[in-house]
Amino acid sequence: MIRSLLVAVWLLTFVTANPHRLSAQSLPEDVLDSVVSVLPVWPGKPQGGGGTPPGAAPEGSGVVVGKDGLVATAFHVIEPAERIDVRLADGRILPAELIGQDEASDIALLKVPEDLPLLETAPHPSLASRACVISNAYGLGLSVTCGVVSARHVSNAGFNPVEDFIQTDAAANPGSSGGALVDGEGRLVGMVSAIFASRAETNIGVNFAVSSALLARVIEDLSATGKVSYVSAGWGLENPSRAELQVHAGAKIASLASGGPAQQAGLKVGDLILALNDRTIRSPRGVISALALVRHWEGASVTVLRGGRQFSIDLQFPDQVPVGAQQDRSDVGLPDCPYAHVICRTRQAVFPVESFDPLASATRIDTDLLVTNRHVVADRTTVVVFTPSGPLRGEVIPSSYRGDLALIRVDGLPEDGAVLTPAKHITGKGPLHAVGADIARRQVRVFAPGEVILLPATDAELGRLHITSRMQPGVSGGALVDSEGRLVGIAAGGGEGRFEALPAQDVLTLLAGRNTPDALAVHGALGRALALCSKAMEQAGANPASEIEADLVERISETCQLSRNQGQYLEAGRLLGMAGALEEAITLHQAAVDQVPNSLNARLSLLTSMQLAGRYEAMLTHARFVLENAPQDPRALRIAIQSGVWGGDQALARQALAQMKEVDATQAEAASRFIESPPPKPIPR
């Protein structure tokens with residue numbers, strides 16, 4: 001990862017920087033009267049306004065959305081607030097009452113004791129049409145910046161579970177959250193919600209506002225009941241396969257709730273959703289966005305593709321849902337989980353935790369028992385478990401199980417929460433979902449489904465499930481569940497479409513290991529080695545790879561081998577390979593392959609180390625394995641071609657090339673030239 005190219009995602013609560021104001025003289029002056037500065041009182045922070053220097057307090061913005069003083073703002077601006085005031089355009093400061101909030105869309109509704117003027121709502125904006133942000137940027141009071149509408153119906157920015165954003169390059173900066181996005185005539189286009197910002201914390205022209213349509217929909221519910229209820233079609237969605245995407249983009253129906261609106265309307269598993277209420281759909285997130293605008297008494301028209309035939313179906317969302325659909329539908333009011341209820345409910349069994357790893361997940365398998373990864377706890381004896389009612393202290397329970405799982409006992413978990421029972425048999429068929437903590441969204445999520453690449457090797461004591469089910473940092477220790485919500489594994493990590501989980505059978509082995517005489521000794525030794533390995537790698541990572549001393553290389557190699565942890569083997573091997581300690585790197589990567597023979601990540605890491613060391617013939621066996629088991633993976637195909645050319649197996653190289661032509665024609669052209677006119681073998685490092 002190239003650090004200098006990273007873009008940090010910033011929510012728009014106040015941080016210090018220098019302001020940049022632009023004038024928008026074409027706007028009528030009175031538009032400022034419909035926008036306010038929001039001055040929340042956060043615990044331990046001063047309040048903005050009243051002489052507080054800019055930069056010393058959190059501030060945001062708000063836009064008038066209704067009579068009798070109704071003002072909308074971004075929920076993240078006021079979420080931790082103990083008190084909220086607003087500053088009007090004329091400088092007066094009034095108290096504000098929180099009427100309701102919707103975390104899914106990041107919208108909150110306030111009420112102030114004065115009737116303020118409303119902005120006229122703009123028609124749906126055109127691309128590149130004029131757009132201006134009116135906000136309390138940097139806490140300096142209301143100002144205006146202008147640009148254009150860059151994109152519409154953005155649903156995949158990743159800030160909120162429900163997104164229907166208007167993207168603009170009009171400058172939005174810290175303090176702008178909750179401000180108004182207006183068109184060239186001063187009519188409301190949306191409410192500023194989030195930005196992408198550089199590491200210098202400044203605007204880079206990629207800013208997002210909640211559309212006026214979603215804003216109106218949410219405010220309607222909040223003003224009536226203080227909360228928002230979204231419709232549910234009762235379907236589980238997934239992205240189409242790469243082959244399907246060559247023909248049509250959309251959202252593929254992966255499952256249907258019995259008696260739900262989608263099933264009653266005649267939709268079937270495998271149908272590809274192309275449009276919803278005339279909005280083009282390109283992904284499951286697009287469906288969430290479009291459905292979020294639908295009221296319960298309204299219907300929705302869905303355009304689908306089935307067997308090459310395109311047609312439309314009308315969905316209805318009655319207020320009184322039949323009993324069967326009530327039991328099996330997707331979660332109404334939880335639009336961040338577009339899957340069957342039985343899958344979404346598993347989130348109740350997964351908790352964010354903090355221990356040796358500052359943020360991971362743990363899965364509930366009994367009334368007072370959680371399971372997580374050993375690398376999450378290492379040598380720690382306690383864990384902080386974050387529950388809806390507050391943090392709890394958990395105790396790590398020793399076991400003689402030697403793999404990457406650890407057991408936690410914790411009292412006080414929700415009595416009505418879900419408990420997942422480990423499945424005794426795994427078929428390897430059907431979609432699988434990872435369920436775990438999403439760091440950015442601060443919630444437990446069900447991630448996009450995937451499939452089994454390989455089951456655990458039959459002769460591997462610590463084999464793993466190898467899957468395409470998406471994971472990300474924070475998910476380690478979370479659940480891997482099947483289409484019926486059954487626990488089939490514990491998430492361990494991975495990347496580039498190759499992820500791994502400890503099979504549910506290992507959880508049973510972990511439980512049985514509590515009662516063995518050597519439980520304390522085994523658990524302690526592995527935990528200490530893991531912690532020492534991590535500490536040594538952290539020390540090495542603080543220096544350029546070329547400057548890692550020989551004694552530190554030896555310490556990393558020894559302690560990481562003692563950890564018996566495949567993840568540590570891979571990370572330590574990568575680090576030592578970069579430092580030129582190739583023999584040690586190969587030893588560690590080979591240990592990872594020996595422990596988990598079906599791991600594509602381990603095989604690819606070993607192949608890379610062998611290539612750097614010039615062991616081309618030794619690469620062939622592993623290259624054949626990755627080609628056979630990952631024929632759609634470009635990296636696996638590239639390394640199989642290189643192995644075949646430099647290892648003397650032209651048949652392997654040409655077999656991988658034929659597959660590359662189906663997967664990526666552009667890379668296939670370069671690979672063909674590589675085979676026909678191979679460069680000299682690299683000199684071993």
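Helices H10 and H11 of this predicted model are roughly antiparallel to each other, a class that covers angles over 145 degrees. Side-chain atom pairs were counted only at pLDDT 80 or more, whereas totals for chains, interfaces and linings use all residues, and side-chain values rest on heavy atoms, without hydrogens and water.

The axes of H10 (residues 519–541) and H11 (residues 550–562) come within 8 Å and cross at roughly 150°. Here axes are lines fitted to C-alpha atoms over the stretch in contact, with angles from 0 to 180 degrees between N-to-C directions; helices are DSSP runs of H or I with at least four residues, and strands are E runs with at least two, numbered from the N terminus. The crossing of H10 and H11 is left-handed, that is, the near helix is turned anticlockwise from the far one by less than a right angle. On the H10 side, Leu526, Ala529, Leu532, Cys533, Ala536, Met537, Gln539 and Ala540 meet Leu552, Arg555, Ile556, Thr559, Cys560 and Leu562 of H11, contact being defined as heavy atoms within 4.5 Å. These contact residues comprise 11 nonpolar, two polar and one charged; Ala, Val, Leu, Ile, Met, Phe, Trp, Tyr, Cys and Pro count as nonpolar, Asp, Glu, Lys and Arg as charged, and the others, Gly among them, as polar.

A nonpolar core is a set of buried Ala, Val, Leu, Ile, Met, Phe, Trp, Tyr and Cys residues joined through side-chain atoms within 4.5 Å, where buried means under 20% relative accessible area with a 1.4 Å probe and protein chains only. Beyond its neighbours within four places in sequence, Ile556 contacts Ala536, Met537, Ala540, Ala572, Leu575 and Leu576.

Ile253 lies in strand E16 (residues 251–256) and, at 1% relative accessibility, counts as buried.

Methods
Residues are numbered from 1 along each chain as its sequence is written. This is a predicted model: local features need pLDDT of at least 70, side-chain atom pairs count only at pLDDT 80 or more; totals for chains, interfaces and linings use all residues. Angles under 35 degrees count as roughly parallel, over 145 as roughly antiparallel, 65 to 115 as roughly perpendicular and the rest as oblique. Buried means under 20% relative accessible area, exposed over 50%, partly exposed in between (1.4 Å probe, protein chains only).
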